[in-house]
Amino acid sequence: QVQLVESGGGLVQAGGSLRLSCAASGRTVSSYVMGWFRQAPGKEREFVAAITRSGGSTYYADSVKGRFTISIDNAKNTVYLQMNNLKPEDTAVYYCAARPPGKADYGSWGQGTQVTVSS
């Protein structure tokens with residue numbers, strides 16, 4: 001089991017940037033697929049980005065491609081989400097999640113961090 005703690009959320013104007021961090025403990029994140037998801041008020045949780053072990057491959061939702069970058073620091077057991085050119089529609093609670101190797105589901109989730117983008 002992996003314990004995840006997100007940080008870095010906040011209030012930013014449209015066009016601004018934020019960097020979210022997800023600190024993992026319990027297991028080294030290099031053996032997991034790490035993902036970021038978000039949930040806006042009244043909407044279902046949606047996939048944002050994911051990164052495979054050792055940062056070899058990354059995946060993005062079309063809505064954030066070219067603006068968000070996911071990365072991993074194995075030495076710090078931390079995953080990051082750099083968010084640039086933020087838009088009001090990016091406003092949501094952002095969650096970090098970990099998927100064990102060979103599993104289809106993300107079994108570990110953080111508590112979430114609020115990102116609010118003002119127009």
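Is Y106 buried or exposed? In this predicted model, Y106 is buried, with a relative accessible area of 16%.

## Aromatic pairs

The model holds 4 aromatic pairs. In one of them, Y106 and W109 form a tilted pair, with 6.2 Å from centre to centre and 55 degrees between the planes.

## Charges over the rings

An arginine is placed over each of these two rings. The charged end of R45 sits over the ring of W109, at 3.8 Å from the ring centre. The charged end of R99 sits over the ring of Y106, at 5.5 Å from the centre of that ring.

## The loop at G8

G8 belongs to the loop that lies between β1 (3–7) and β2 (10–13). With a relative accessibility of 34%, G8 is partly exposed.

Which residues does G8 contact, leaving aside its neighbours within four places in sequence? They are L18, R19, L20 and T113. As for L18, this residue is 10 residues from G8 in sequence, and the C-alpha atoms of G8 and L18 are 7.0 Å apart in space.

Methods. Residues are numbered from 1 along each chain as its sequence is written. This is a predicted model: local features need pLDDT of at least 70, side-chain atom pairs count only at pLDDT 80 or more; totals for chains, interfaces and linings use all residues. Side-chain values use heavy atoms; hydrogens and water are left out. Rings of Phe, Tyr and Trp (its six-membered ring) pair if their centres lie within 6.5 Å; planes under 30 degrees apart count as stacked, over 60 as edge-to-face and the rest as tilted. Buried means under 20% relative accessible area, exposed over 50%, partly exposed in between (1.4 Å probe, protein chains only). A charge sits over a ring if NZ of Lys or CZ of Arg is within 6 Å of the ring centre and within 35 degrees of the ring normal. Helices (H or I, at least four residues) and strands (E, at least two) are DSSP runs, numbered from the N terminus. Contact means heavy atoms within 4.5 Å.
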